[in-house]
Structures are given as structure tokens and as C-alpha cells.
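Open the model in your viewer and keep the sequence panel beside it. The stops below say what to select and what you will find there.

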Amino acid sequence: MKSEADGCQLVCALGAAAAILGVTLGAVLGLLTLVFQSRRDGVTKAMLQRAPKPKSKRIWAGKLLRTALPISLGAVAMSFSGLIDASFLQTRVAYAVQTDPAALLSMYAGAIPKGNLAAPETVPNYLFGCYNMALTLFLLVPSVTQSFGVSALPSVTRAFQTGDSQKLKRTVEAVLRITFLTALPMGVGLSVLAQPAALLIYGARPGTVIVGRVLTTLGAASVFAALCGPLSSILQAMGHVELPVVLTLIGLFVKAVLDYTLAAVPRVNVLGGAVGTLVCYALASVLACIAIRRIAGVKIDFFSTFKKPFLASVCCGVAALLTHKAWCAVLPESRFSALPAVFLGALIYVAFLLIARGICEEDIKVLPNGEKITKRLEKYLQKTGG
């Protein structure tokens with residue numbers, strides 16, 4: 001190594017390569033697991049003998065492409081959100097630094113390293129790095145709820161095909177409610193405890209303050225991002241596989257406009273990316289709900305569906321915030337000061353839902369393996385006399 005800087009670059013390159021290698025190995029192992037499972041529990045010879053004569057491969061290939069292609073495009077379209085941020089945020093923040101550097105830098109006094117302050121052209125890249133750190137926490141919420149809509153696909157498809165509007169309405173509302181039950185407390189927690197959460201995950205570093213400020217908005221955005229997945233699955237179950245792609249592209253277009261406009265404002269800068277993300281997913285969620293109503297004639301009762309989860313999440317957020325303030329008033333703030341607040345907030349949330357009966361049998365059934373969970377709970381309640 002010629003210098004310490006060369007060594008740091010080599011370590012970063014090896015770290016990035018190791019991360020990609022981990023993702024690749026995980027995908028390969030997942031594929032091998034599916035292959036093994038399909039051979040063990042797949043189609044038997046007896047089932048093939050009893051099956052009717054299949055249609056030609058050309059017909060099935062066409063149907064597969066018409067179904068799989070829009071779904072695949074929808075999954076790829078969501079990744080364009082990161083591409084939009086990478087395309088606009090740094091260049092527009094650089095414009096803001098050139099326009100009014102004092103206004104931008106005063107927002108993050110003490111949060112930007114001296115090395116970056118000495119070279120102002122590196123500030124946009126540093127702020128973008130902090131934004132991506134907040135984005136990593138934001139993505140945790142939709143990753144938890146993305147399976148809810150998939151598990152409800154058979155029920156939604158069956159109710160839609162048979163024209164059972166009441167069953168369809170109950171299923172859609174159950175999917176949205178269980179998604180909201182999971183995503184809302186997480187999103188509220190990320191917003192009200194943005195700074196402590198950033199400190200807990202990333203430790204005490206200058207950029208933690210910036211991560212916390214971005215996360216305050218991304219916490220709210222994570223709730224709508226979590227809703228988008230199940231709503232897209234519901235639309236696909238109704239046979240409109242192309243519609244989620246269109247709605248997502250509309251949201252991404254609005255995000256691109258907001259990113260380009262807001263990030264150039266010195267006192268907004270990378271926070272504009274968070275606002276764009278919030279508006280993008282909120283718009284896509286609202287449009288998806290409107291589409292479901294027009295396609296299936298299902299009018300979602302938002303008040304009864306979201307009332308109890310919303311009230312429980314408000315109580316959770318207030319309890320978490322007050323607990324953190326009380327803790328820091330007694331003890332110096334540390335990396336783990338958020339843990340008591342998170343624990344008490346979660347406890348209050350669960351207690352409120354149990355007392356208010358915020359979870360019903362229909363909600364549990366839309367979970368992965370929900371039918372099995374429901375049967376086990378019924379057996380348990382019968383044994384205990386509950």
C-alpha cells in the first residue's frame with residue numbers, strides 16, 4: 001500500500017464485494033431450497049396421469065408473459081425510486097451549495113466533518129450518504145408487510161371471481177388492517193424516535209443528526225410504502241396485473257419532480273428526497289384504493305378499518321417519546337437510550353389492541369399460514385375455556 005488512503009479504499013472495495021457476494025449466495029441457496037422442496041412436495045406421477053390434457057406450450061408461454069411481465073416491471077419500478085434519488089439529489093444539492101452555502105451548512109452545524117467543510121464540493125455526496133443510511137431503516141417497514149398481500153391472493157381472487165362483494169370487502173379490509181397494524185407503529189416509532197433510532201443503529205457519529213432529520217419524514221413514508229405492496233397484490237388478484245405498474249410510475253414521476261425542485265432549496269436539500277418519497281407512496285396508495293373501489297365496487301370503510309390501529313399507534317408514539325425524554329432527563333443520552341422507549345411503546349401498543357379488541361379472526365387469516373394459526377388458537381381457547 002502506498003498510503004493509508006489506498007488501504008481504506010481497498011477495505012471499502014472488499015466490503016462492497018463481500019456484501020454483493022452475500023446477496024448472491026443467499027439467492028442461490030434460496031433457489032436450491034425451492035428446487036428441493038418442489039421435488040419433494042411437487043406434482044406426482046399419479047397426479048399427472050389424472051390431469052386433463054394441457055394446452056400448448058405457446059398458449060401457456062403467452063399467458064405467463066402477460067401475467068409475469070407486468071408484475072416483474074412493478075417490482076423493478078419500485079427500485080427506480082433509488083435511481084431517481086441517485087440521479088437528482090446530489091446534483092441538485094450541489095446547486096444549493098453553490099447558491100447559498102451558509103443557509104445549508106447552518107442546518108447541520110457540527111454534523112458535517114471538517115474535511116467535507118474544507119472541500120464544499122464533497123458536501124452533497126456526504127449528505128446523500130446520510131440520506132441512504134436513513135433509507136435503509138425506512139425499507140425495513142415494507143419488507144415486513146410485503147407478504148400480507150401475497151397470502152391473501154387466493155381469498156381475494158376467489159371472492160372477486162364468484163362476485164361475492166361482501167367477502168371481497170371483508171378480505172380487502174382485513175389485508176389493509178393487518179398491514180396498518182404492523183406498519184403504523186413502526187412508522188410512528190421511526191418518526192418520533194428518529195434521532196434515538198439513528199443513534200442506536202449507527203452510533204455516535206456526526207452524520208447521525210442528519211440521518212435522524214431525514215428519518216422523521218421517511219418514517220411516515222414507510223407506512224404508505226408498506227400499504228403499496230398489499231394493494232398491488234389485491235389489484236393483481238383481480239386480474240389487473242398492469243395497473244400497479246402504472247400507479248407506481250405516476251408516483252415516481254411526482255417524486256422525480258419533487259426531488260428535482262426541493263433538493264435545490266438550500267434549507268431543504270436532501271430532505272426533499274424524503275418528502276418526494278412520502279408523496280410518491282401516499283399518492284400510489286390512494287390511487288390503488290380508488291382503483292379497487294372502481295373495479296370491484298368495494299367501498300373501503302377507512303374509519304372502522306384504521307381507527308383502532310391509529311389510536312393504538314398514537315398512544316405508542318406518545319409513550320415512546322415521553323419515555324425517551326424521561327430517560328434522558330435522568331441519565332445521559334447514550335446509544336441504547338432508545339431501547340426502553342421502544343419496549344414501553346410496543347407494550348402500550350399491544351395492550352391497547354388487546355383491550356380494544358383491535359385484532360379479529362379475519363385479520364389473522366390473511367397472515368402467512370393464517371388458517372393454521374387460527375385453528376391452533378381455536379384449539380387453545382377451547383382447552384382453556386376462553
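**A threonine in H13**

Select Thr277, which sits in helix H13 (residues 271–296). This is a predicted model. Is Thr277 buried or exposed? Its relative accessible area is 1%, and under 20% counts as buried, so Thr277 is buried.

Show the side chain of Thr277 and look for two polar partners. One is the backbone oxygen of Gly273, which the side chain reaches at 2.9 Å. The other is the side chain of Tyr131, with a polar contact at 3.4 Å.

Now display what surrounds the residue. Setting aside residues up to four places away in sequence, Thr277 touches Tyr131, Phe138, Leu218, Ala221 and Lys255.

**The H6 and H11 pair**

Tyr131 and Phe138 of H6, with Leu218 and Ala221 of H11, also take part in the contact between those two helices. Select H6 (residues 123–138) and H11 (residues 208–237): their axes are 8 Å apart and the packing angle is about 40°. That angle makes H6 oblique to H11, and the crossing is right-handed. To colour the contact, pick from H6 Tyr126, Leu127, Cys130, Tyr131, Met133, Ala134, Leu135, Leu137 and Phe138.

**Along H12**

Lys255, another residue touched by Thr277, is among the buried residues of H12. Select the whole helix, residues 243–262. An α-helix has 3.6 residues a turn, so residues three or four places apart point the same way.

Move to Thr323 in helix H14 (residues 302–330). Thr323 counts as buried, at 17% relative accessibility. A polar atom of its side chain lies 2.6 Å from the backbone oxygen of Ala319. Beyond neighbours within four places in sequence, select Pro340, Ala341 and Leu344, which are in contact with Thr323.

**Zoom out**

Finally, show the whole protein chain as a cartoon: there are 17 helices and 0 strands. Colour by burial, and buried residues make up 38% of the 386 residues. Among contacts with a separation of 6 or more, 79% join residues 24 or more positions apart.

Terms used. Residues numbered from 1 in each chain as written. Predicted model: local features only at pLDDT ≥ 70, side-chain atom pairs only at ≥ 80, totals over all residues. Heavy atoms only, no water. Helix = DSSP H or I, 4+ residues; strand = E, 2+ residues; numbered from the N terminus. Expected span 1.5 Å × (residues − 1). Buried < 20%, exposed > 50% of the residue type's maximum accessible area, 1.4 Å probe, protein only. Polar contact = N/O pair within 3.5 Å; in protein donor to acceptor, adjacent residues only side chain to side chain. Contact = heavy atoms within 4.5 Å. Axes fitted to C-alpha atoms, helices over the stretch in contact; angles between N-to-C directions. Parallel < 35°, antiparallel > 145°, perpendicular 65-115°, else oblique. Left-handed = near helix turned anticlockwise from the far one by under 90°.
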